Structure formats: structure tokens, C-alpha cells
Amino acid sequence: MTTGSATTAPKIDLLDAASFADGQPHEQFTWLRENDPVHRHAEPDGPGFWAVTRYEDVRSVGRDPATFSSTPSVQIPDVDDGGSLGDHQMMLMMDPPRHSKYRKLVSPFFVPRSARSLRDRTEALARRIVDDVIERGECDLVEDVAGKMPSYVIADLLGIPLEDGRELYRLTEAVHAAPETVPEGTQLEAGLRMFTYASELQARKRAEPGDDLASHLLAAEVDGHRLDEMDFNLFFMLLIDAGGDTTRQLVGGGVQTLFEHPDERRRLQENLDDRLPLAVEELLRWVSPVVYMRRTATRDTELRGQRIRAGDKVVIYYGAANRDERVFIDPQRFDITRSPNEHIAFGGGGPHFCLGSHLARVEIIALMREILVRMPDIEPAGTVTWLESNFISGPRHLPVRFQPG
Ligand code: HEM
């Protein structure tokens, strides 16, 4: 991983997944924040975009949906659905006031209200996940440990079997895979299987509603209308998707970060119960699993002296903002007791601020504690492979070994 500051412009290609091949390109980000904080970036198959890297600007763009819209896409390329979605859209790609109406339907399930029972449940899941590998003395921490937690937790919330959650999560991975890395037709097939699962779930939950998020969504109304089949399916896919890679990358990337900072790791393990909550905030800042979100300008405007035109793509880089020396003291230092720590790994507080931030923290704390208590001697045991993505960052495979117990 590269850190520190450069005095001359480094080669900047924020589209190439290779730029994120061993962590985020912090040297480039540092240079951009300092020298070109609203940078015009070329896009070989598109019109180009503005790369925004300072904390203050990332926040202000994310908080102004009237000027910086989440429609048509929050990723850099426009997605061509061939018209199949019609007027339907995932909430992540909607703007207020429509967005607020949809978000209200699910937000009651994500507030800290039921903190106690959620904690008990996630702790039980963390035990089960570590039980499954502890006798082996080695595993792939990302695949066998970190990835299980979010898929189990969202399955619980939706009211479906845990193993179905795991399978659905694998399907979202196939949907997101770079096309050249999977056999032709895989992505389409995975998408169709998810849709079929969601449609069958609707039928089941309509016949036998339960006290779960899926049943609640089926009974909910927007502007006096029940959600139709496509609305439900898109919600379902967003919920499975949004909490999966993000939480997995944070835990996998988190353990990897502790390997790279043995002194901080020792400080954490010496006093785990007291230090873990702050350490997790620092891991969120440090790893920033969501690299960016894109917005699209709705009108001509200006940002740090750059003229942005209506229709321009504006990309806000959370990982860059989270190392901004204007906000964080010694930002390139990983400090498990950093306080205050106003990182924006979950977004900068606009209408799309991560719906699952509370849930994610509870999951991450439960799982990190279980790992460090039951595998106190955990160490790397092979080559780390990084996720091939410019959108989500972190290790995809992290072989580890530990004392079987
Ligand atoms: C949105 C990060 C875990 C559900 C977001 C956004 C970010 C983010 C950066 C966009 C914020 C914005 O545009 O202002 C993360 C990180 C996570 C995590 C770093 C874990 C470490 C979760 C979990 C869930 C979840 C566990 C649970 C299902 C969502 C949803 C949205 C969202 C539904 C869209 C909200 C909307 O459009 O209103 N998240 N997230 N996330 N997140 Fe998370």
C-alpha cells in the first residue's frame, strides 16, 4: 500500500482496478487533494468525470441532491438496462422526494431500537462462524469468516434461511464480477436466479406473513399504492448487496491492517473490550471499503473554481476524504485510539447516508471480537489477493493460520 505525499503529479488512473490492487491509491489521492481537488478525469468509454477528493467537498456534494443527483447511476459508467426497469429504480439511485418515501419503508428495521437482541444474535452468529473453522487451524479469513456474517444477518432480517443468504450473496458477487473474469452468460443467469428467488419469496410471504422485513415491505404503501413485484425485487437485491461486500471487506481488510501494524494490534489485544469500538472506527476510516459514489450535476455550477456543467459526472472519493490532512491529525497514521474520528466511510450525511451503519458496526464488533479472542495468535499464511474493483476496496482472499482450539 502506498502512503505519504508526492511533490509531482503521479500517474492517475482511478478507473483502472489495478490502481486499487493493493489498497487505495493514497499517494495519488494526497497529490490530488493538495493540487487538483476537483480533477477532470478521462474515461475511455465515456465523457469523463470530476474526481472530488477533499473531505469538505465530498460532504457538500453528497448533501446536495438537488444539484448532484444519484440518478441515473452511482457508479461511473451509465448502466444500460435496455429499458427493462421502466420507471423502477433502486432507492440508492433515487433523489428526494421519491427517495425519502422509499427509505421510510425500511428505515424502522435499521434503527438502534432493538440493540440488545441484535447484539445477542450477531454474537451468536460470530461464534458459529468461528466454530466452523477453529479446528482447522487455518482458513481464508475473507471467504470463510468475514463474508459469512453480512449474508447471515441480512437473511435473518429478511426472514429467510441463513444458507439462502449465503447463496444469494454469491449470486450478487457473480452479478458484479468483471465480465472478462466469468464465463459468458454467468452474470445474466445469476441476476435471473436472484429475481426468481425474490419473486418466490413474495409468494411465500404473502401466503404466510411473518415479523420480518420482507413481509413488512409487502404490506407497505408508497403514495397509497402497494409496492409492485419489481419494486420489491429491487429492494431485495439492494439489501442483499449493500451490506455484503462492504462489511466483508471491512473485516478482511481490518485483519490485514492489524497484520501490517503489529504495535497497534498489540495495543488492541491488550485491552480488547475497551478499545475495540474506537479501533473499529479507525478501521472504517483506514479501509473505507466503499471507494466512491457518483453523482450527476443537474445544473451548471462551480466547485473549487471548476466549472461543472449540467450532466457532468461528479465522483466523490470517501477513502481520499478520510485521509484529508485538513480534518485528521496525521491522517496516514493508523491509530486505534484516534479520537475524535469523524470519518465518512458510511457517507457524508446526505439523504443516502448508509442505512445499515448501525447494523454494520454491531456485526463488525461482534466478529472482530470473536476472531481476536478465539484466534489471538492469528497470522498471515499465504498470498493476499485483492478485490478487482475500483468501487469496493479490500482483500478478496486472506489466508491465515492460528492455534486450533
Ligand atoms: C449506502 C457504506 C454496510 C445498507 C451506503 C453508502 C456508503 C455505505 C458509503 C452511500 C452513502 C451516501 O451516498 O451518502 C457502507 C460501509 C459498510 C456498509 C462502509 C460496512 C462496513 C451496510 C450494511 C447494510 C447497508 C450492513 C445493510 C443492509 C445500505 C443501503 C444504502 C447504503 C440500503 C443505500 C441507502 C440509500 O440509498 O438511502 N453504505 N455500508 N450498508 N448502505 Fe451501507
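This is a predicted model: local features need pLDDT of at least 70, side-chain atom pairs count only at pLDDT 80 or more; totals for chains, interfaces and linings use all residues.
**Ground rules.** I number residues from 1 along each chain as its sequence is written.

**Ligand.** I looked up what surrounds the ligand and found 28 residues, the closest being Gly243, Thr246, Gly347, Cys354 and Gly356. Here, near means a C-beta atom, placed from the backbone, within 6 Å. I sorted the shell into 19 nonpolar, eight polar and one charged. For that sorting, Ala, Val, Leu, Ile, Met, Phe, Trp, Tyr, Cys and Pro are nonpolar, Asp, Glu, Lys and Arg charged, and the others, Gly among them, polar. The helices α6 (148-158), α10 (229-242), α11 (244-260) and α15 (357-374) each supply at least two shell residues. I take helices (H or I, at least four residues) and strands (E, at least two) as DSSP runs, numbered from the N terminus.

**Helix α11.** I checked its length: at 1.5 Å a residue (times one less than the number of residues), its 17 residues should span 24 Å, and the end C-alpha atoms are 24 Å apart, which agrees. Since 15 of the 17 residues are buried, α11 is largely enclosed by the rest of the structure. Buried means 20 or more other C-beta atoms within 10 Å of the residue's own, exposed 12 or fewer, and partly exposed in between, with C-beta atoms placed from the backbone.

**Core.** Of its 95 residues, Val52, Val58, Val314, Val315, Ile316, Tyr317 and Tyr318 touch the most other members. Helix α10 gives the most to this core, with eight residues.

**Strand β10.** Five of the five residues of β10 (313-317) are buried. Lys313, Val315 and Tyr317 point one way, and Val314 and Ile316 the other. Which strand pairs with β10 in the parallel sense? I found β2 (49-52), over four bridges, with Phe49 partnered by Lys313. Strand β7 (292-297) runs antiparallel to β10 and is joined to it by five bridges; Tyr292 stands opposite Tyr317. I call strands paired if DSSP finds at least two bridges between them.

Conventions: A nonpolar core is a set of buried Ala, Val, Leu, Ile, Met, Phe, Trp, Tyr and Cys residues joined through C-beta atoms within 7 Å.
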